[in-house]
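Dear colleague,

I am handing over the structure that we spoke about, and I would be glad if you could look it over. My notes on what was found in it follow below.

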Amino acid sequence: MKRKTCQSSLFVLSATLFFALFTVFFGLSSATAADEIVFATVDDLSGPYAASGDEGAKAVQLALDEVGWKVLGKKVKFVKRDTQLKPAVGVRKFREVVEQEHPVFVQSGCSSAVQLAMQEVAADTKTLFWTQGWASKLTSAGTVNRYTFRWDSSNFAIANSSVAGFMKKFPEAKTFFSITMDYAWGTDMYTEAKAVVEKMGGKMIGNVYTPIKETDYSGAITKALSAKPDVIMLNLYGSPLIKCARATAEFGAKDRAKVLIPADGLTMLRGIGAEALAGMYVGSHWWHTADNAFSKSLVERFKKKYNTIPSYYVAANYVGAQQTIQAMERCGSTDVNKVICALEGHKYDGPTGKETIRAFDHQVVHPFLLGLAKKPSEMKYPDDYLNIIGSGEVYRTYKQNPVVWKLKLPCDK
Amino acid sequence: MELSMSLILGQLFNGLVWGIVLGLLAVGLTIIFGMLDVINFAHGVMYMVGAYAAFTFILTLTGLLGGSGASFWIALFLAPIVVGLVGLVIEFFLLRPMYDRDITYQLLLTFGLTLIIQELVIIIWGSMPMSFPTPKILRGVVDLGFMFYPKYRLFILIITPLIMLGVWLFLEKTKYGSIIRAGTEDKEMANLLGINIRRVFTIIFSFGAAMAGLTGVLAGPVIGSLQPDLGNAVLLGSFVVVVVGGMGSFGGAILGGILVGLTKGITTMIWPPASNVIMFVLMALILVFRPQGLLGKR
């Protein structure tokens with residue numbers, strides 16, 4: 001009896017010791033060391049926007065490569081979380097990564113719906129948040145918070161650049177029919193586009209809302225074509241845009257109307273294919289042929305590391321990470337309040353040339369491009385899809401968007 | 001929105017194309033169920049592998065032969081064979097031990113295969129969308145009078161019933177077809193009469209897989225961009241078709257496909273948000289009023 005008790009208590013003791021060591025060891029290796037800071041991507045890494053989400057993560061890592069993964073003498077750790085294109089999951093993962101890793105920089109941006117939800121977490125957890133969602137609301141008075149910054153143009157800017165630019169070039173194109181993704185970004189894009197169309201003397205004669213996960217656009221195209229518009233506008237993004245644009249080409253729409261895609265990314269153009277894309281008008285935040293030192297260097301380094309040409313989403317997230325790192329170096333701290341002050345109003349050389357991080361709404365102001373897709377025979381290399389035919393830079397002014405920050409900082413004048 | 005003739009007929013055509021693709025997929029599914037009593041959850045990934053394999057064949061062949069003219073047709077022939085071989089391997093090594101066990105084993109196996117194969121596709125081809133080219137002769141639209149319609153979609157409407165007819169003729173009119181049907185009716189008796197039932201089962205499963213692969217290739221140009229989650233959406237639809245038409249019924253699979261397709265087409269016209277859900281409503285109605293399916297026997 002005595003031996004058995006002795007043996008069993010020895011067992012319990014060693015088991016406890018083992019578990020204690022196990023937890024400590026595991027706890028140590030997953031926790032961030034004291035002299036480490038964390039940069040995080042919390043974005044759509046699976047689902048219809050996965051290709052873009054993946055690019056965003058790569059972009060942040062490229063920016064970290066540039067500084068040898070060290071900022072202010074501290075090592076940088078990079079983590080990522082998948083929002084699965086669901087606002088609720090995005091919010092949960094953001095909170096989770098804040099609790100576990102205390103990041104000093106969080107990047108996101110594929111889906112506006114997810115961004116609007118995540119933005120609140122940024123304010124709640126006082127975390128620096130770079131978003132690339134396009135919904136105008138993200139930098140609007142009443143919804144934007146001081147922790148959020150955005151490089152991508154808002155739907156307002158997109159509509160007033162690509163749609164307006166298109167209409168100026170083709171004043172005879174008066175009637176528009178649109179196919180729109182039925183969620184926060186799509187409906188917002190449609191509203192802004194409609195406003196611009198009507199402002200410039202045109203008419204939106206119809207619109208079809210399609211579910212986010214829709215894969216078959218033959219119905220929407222058929223409706224569009226039977227209305228006989230001058231222009232078919234595709235307010236879609238990600239793989240839905242790919243499928244819809246291909247269906248548009250498949251049904252011979254290009255011979256019966258002009259096709260305008262207000263905004264998109266290189267990954268989508270690859271999915272659509274040169275044959276289907278040829279002759280469509282395509283808006284873009286940035287194109288890799290941009291003639292400035294920043295773009296040339298970014299394209300070269302991204303190609304070298306990942307063997308592929310970067311889309312605008314890379315440029316956007318790279319710049320966000322890079323400017324954050326430089327702001328930290330400027331103000332000598334990773335404290336979010338100081339970094340915000342260092343970012344506000346800062347001018348720098350960016351992907352589209354001289355860019356400014358506007359202090360009053362944290363929107364980076366820069367030109368938005370309009371392109372025309374080349375015929376396959378005109379392309380000199382596989383990603384040579386567009387001829388850039390115009391650009392615009394129209395953002396909401398302070399009068400149109402009177403933002404008042406809830407967070408008061410020492411740098412307020 | 002005024003319902004013009006072109007709109008109505010156009011939507012019906014669209015629905016029919018989609019429905020007939022599901023029908024072809026359902027035929028493979030229902031054959032496997034009818035003969036093997038196996039509910040093949042992996043049918044969706046077989047379809048996807050068919051599309052991806054064809055994509056690779058077309059890419060390679062276009063490099064060798066130039067222009068995606070002949071390469072699509074060669075891929076149409078080769079890809080289903082590849083998928084059939086995959087099916088053969090699965091049946092021989094994984095499925096066979098499960099026949100005598102509870103049906104849950106088979107379900108778990110085929111479902112698990114779905115997950116594994118999906119990840120394998122991501123490993124081999126990546127998760128970025130890839131553009132599936134339409135064969136040269138079938139590009140462009142045809143003037144049907146009331147509207148312009150894509151040539152390739154019309155091609156699907158013509159070729160798919162021919163394929164189904166071919167399969168039906170094989171099952172009904174050939175000697176091997178009658179062996180297969182005998183095996184379904186009475187396994188033991190067929191075995192006693194000297195038919196190698198185990199071999200028949202392997203052939204049936206790989207045939208069903210090959211059919212799924214063939215559907216994937218045919219659907220490739222219509223899907224447009226290939227992504228690793230291709231199989232899921234279509235699997236669900238094909239199951240609905242099988243339930244509506246009757247599990248194990250060949251004619252049911254075809255009829256179910258047409259019905260589901262037309263219903264979707266009409267719904268897209270009248271009330272678009274319901275178009276993806278309507279097939280489940282249809283399935284629910286069938287289960288309530290005629291649970292064995294329209295042409296089902298059991």
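Into which domains is chain A divided? Chain A falls into domain 1 (36–153 + 291–365) and domain 2 (156–289 + 367–392), the bounds coming from an automatic or database domain assignment. Before going further, please note that this is a predicted model, in which local features need pLDDT of at least 70 and side-chain atom pairs count only at pLDDT 80 or more, while totals for chains, interfaces and linings use all residues. Residues are numbered from 1 along each chain as its sequence is written, and chains are lettered from A and ligands numbered from 1 in the order in which they are written.

**The two domains of chain A**

The C-alpha centres of domain 1 of chain A and domain 2 of chain A are 27 Å apart. Between them, 27 residues of domain 1 of chain A are in contact with 23 residues of domain 2 of chain A, where contact requires that the C-beta atoms of two residues, placed from the backbone, lie within 7 Å. On the side of domain 1 of chain A that touches domain 2 of chain A, at least two residues each are supplied by α2 (50–66), α4 (112–125), α11 (293–306) and α12 (312–331) of chain A; here helices (H or I, at least four residues) and strands (E, at least two) are DSSP runs, numbered from the N terminus. The most is given by α12(A), with four residues. By class, this side of domain 1 of chain A has 15 nonpolar, nine polar and three charged residues, with Ala, Val, Leu, Ile, Met, Phe, Trp, Tyr, Cys and Pro counted as nonpolar, Asp, Glu, Lys and Arg as charged, and the others, Gly among them, as polar.

Strand β7 (residues 175–181) of chain A pairs in the parallel sense with strand β8 (residues 203–210) of chain A over seven bridges, two strands being paired if DSSP finds at least two bridges between them. Within this pair, T180(A) has Y209(A) in β8(A) as its bridge partner. The chain passes from β7(A) through helix α6 (residues 184–199) of chain A to β8(A) in a right-handed β-α-β crossover, right-handed meaning that, with the strands pointing away from the viewer, the path from the first strand over the helix to the second runs clockwise.

β7(A) is also joined to β9(A), by five bridges and in parallel, and F177(A) stands opposite I232(A) in β9(A). Five of the five residues of β9(A) are buried, so this strand is largely enclosed by the rest of the structure; a residue is buried if 20 or more other C-beta atoms lie within 10 Å of its own, exposed if 12 or fewer, and partly exposed in between, with C-beta atoms placed from the backbone. V231(A), M233(A) and N235(A) point one way from β9(A), whereas I232(A) and L234(A) point the other way.

Three bridges join β9(A) to strand β10 (residues 258–261) of chain A, again running parallel, and V231(A) stands opposite K258(A) in β10(A). The chain crosses from β9(A) through α8(A) to β10(A), and this β-α-β crossover is right-handed. As for α8(A) itself, 13 of its 13 residues are buried, and just after this helix G252(A) takes a positive phi of about 70°.

**Two residues with positive phi**

Which residue in the loop between β3 (74–82) and α3 (87–101) of chain A deserves a look? That residue is L85(A), whose phi is near 60°, a positive value in a residue other than glycine. K228(A), placed in the loop between α7 (218–226) and β9 (231–235) of chain A, likewise has a positive phi, near 50°. L85(A) is buried, with 24 other C-beta atoms within 10 Å, whereas K228(A) is exposed, with 12.

**The contact between chains A and B**

The contact between the chains takes 23 residues from chain B and 24 residues from chain A. On the side of chain B that touches chain A, α1 (5–36) and β3 (148–150) of chain B each supply at least two residues, and the largest share, six residues, comes from α1(B). By class, that side of chain B has nine nonpolar, 14 polar and no charged residues.

With kind regards
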